[in-house]
Amino acid sequence: MKKEKLKRWLAAGLVAAMTMTCLAGCGGSTDGNDGDDGDGQVLKVAALESAYGADMWTKVAAAFEETHEGVTVEVTTDKKIEDKITPAMKSGDYPDVVHCATGRDAALTETLTKEKGLACLDEVLDMTVPGEDVTVKDKILPGFLDTLGTMPYNDGMTYYAPMFYSPCGLFYNAKLLEDKKWEVPTTWEEMWELGDKAKAEGIALFTYPTTGYFDAFTYALLESSGGADFYNKCMTYEDGIWESEEATAVFELIGKLAEYVEPTTVGNANDEGFTKNQQLILDNKAIFCPNGTWLPGEMADAPRAEGFEWGFTAVPAVAAGEKPSSFTFFEQLWVPAEAKNQDLAMEWVAFMYSDKAAEIFAEAGAIQPINGISEKLSDENKLYYQIYDNDAAVAVMGGFAATDPVEGVSMADSLFKAVDSIVSGDKTVEEWQAGVEEASDKLRDAM
């Protein structure tokens with residue numbers, strides 16, 4: 001269902017939703033330990049069935065029922081969870097909890113956010129994790145709560161609970177670089193030098209699955225170009241920020257990188273052909289590909305060059321002397337403002353950060369952002385999650401601030417989707433930059 005249509009049917013229930021949210025506020029008194037007073041309660045959980053599979057949700061639901069006597073959890077999972085739950089929501093039958101990240105084509109999470117259709121989760125942060133003696137906010141890794149990825153209105157209130165996280169960076173074949181005696185670049189000057197060496201041997205420096213993967217890549221570049229304050233100004237549409245020296249450096253860098261992109265990339269940079277671009281890394285036809293930790297699993301059965309070995313590195317910094325950076329993508333869990341069992345829903349959210357739930361998720365490859373999680377990871381996963389160890393790379397989190405809908409305006413289209421046109425030569429870097437500033441101007445007043 002398209003965003004515009006979804007907006008129309010949601011509008012009728014928004015007055016009630018907003019009233020409920022205002023009355024409930026963010027100072028509820030649920031303590032998270034009352035597992036014995038739920039006789040006959042049914043908790044409806046809707047969750048995206050991603051590459052991690054659906055079984056982990058069934059197992060977590062069973063574990064939750066064990067700690068909440070008398071509660072039945074009804075789990076609905078689907079690869080297109082938006083399509084699965086939308087018909088019932090149209091008639092006022094909302095799930096109690098939804099796991100559906102931002103950035104998906106259906107934009108259900110963004111639409112409900114823009115329409116103030118979510119319940120505030122601040123009370124959850126002060127709850128004790130069921131079965132443990134630590135609060136939720138103390139269990140979650142530092143940095144994950146103070147971000148636009150959890151506080152979409154930039155007002156200090158939490159509406160998204162951070163779920164499975166994945167450091168994003170550049171994947172490559174470590175065996176290829178070892179055999180060629182090529183070093184992993186730590187600066188962009190070194191990157192260009194490597195690109196020229198590789199080109200002489202018929203190997204491209206860079207490819208990308210689709211332009212959607214330029215979100216994490218660009219976020220990392222922005223942070224390393226101007227720092228955290230500059231990054232936040234970009235995410236909140238500050239006037240003129242996209243015309244600044246720091247932003248210009250990022251646009252120009254990607255413009256130069258376009259010259260090193262493997263020629264077939266643009267033709268396959270879509271939902272049908274993206275794995276062909278990822279295959280370029282496995283076939284030693286391109287060196288680097290921006291992606292998240294799900295990539296090895298996604299390509300597990302794909303053919304590959306002899307001796308292929310996954311390598312992973314942060315994105316080199318734009319500004320001289322700065323650290324490399326890695327955007328941390330994380331999924332979101334939220335409670336609809338019209339959910340019927342909000343108290344129980346809040347306890348479910350708190351349970352997501354328990355050691356028991358984290359263990360079940362980790363078995364499926366889904367890693368929760370909780371303290372001590374690195375000790376539970378496999379050696380392969382440690383390759384990716386240790387990218388921030390010893391302060392080697394800057395962790396970048398949070399995307400664009402939510403706005404009221406502005407017809408025909410999308411920062412994702414203006415900033416990321418346009419990269420195909422840069423690579424193909426259909427658009428200049430100057431035209432691209434001007435378009436992003438124009439979109440930012442239109443969204444500023446709607447924030």
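**Salt bridges**

Let me begin with Arg 444, which is partly exposed at 22% relative accessibility, where partly exposed lies between buried, under 20% relative accessible area, and exposed, over 50%, with a 1.4 Å probe and protein chains only. This is a predicted model, in which local features need pLDDT of at least 70, side-chain atom pairs count only at pLDDT 80 or more, and totals for chains, interfaces and linings use all residues. Residues are numbered from 1 along each chain as its sequence is written, and side-chain values use heavy atoms, with hydrogens and water left out.

Arg 444 makes a salt bridge with Asp 441, with 2.5 Å between the closest N and O atoms; the term means a side-chain nitrogen of Lys or Arg within 4 Å of a carboxyl oxygen of Asp or Glu. Both residues sit in helix 19 (residues 429–444), three residues apart, about one turn of the helix. Helices here are DSSP runs of H or I, at least four residues, and strands are runs of E, at least two, numbered from the N terminus. Asp 441 is partly exposed as well, at 31%.

Next, Lys 175 and Asp 179, whose closest N and O atoms are 2.9 Å apart in a salt bridge. They are four residues apart in helix 7 (residues 174–180), so about one helical turn separates them.

Which residue pairs with Arg 104 in a salt bridge? Glu 82 does, at 2.5 Å between the closest N and O atoms. This pair links distant parts of the chain, 22 residues apart: Arg 104 is in the loop between strand 3 (97–99) and helix 4 (108–114), Glu 82 in helix 3 (residues 81–90). Glu 82 is buried at 4%, whereas Arg 104 is partly exposed at 26%.

Over the whole structure, the search finds eleven salt bridges.
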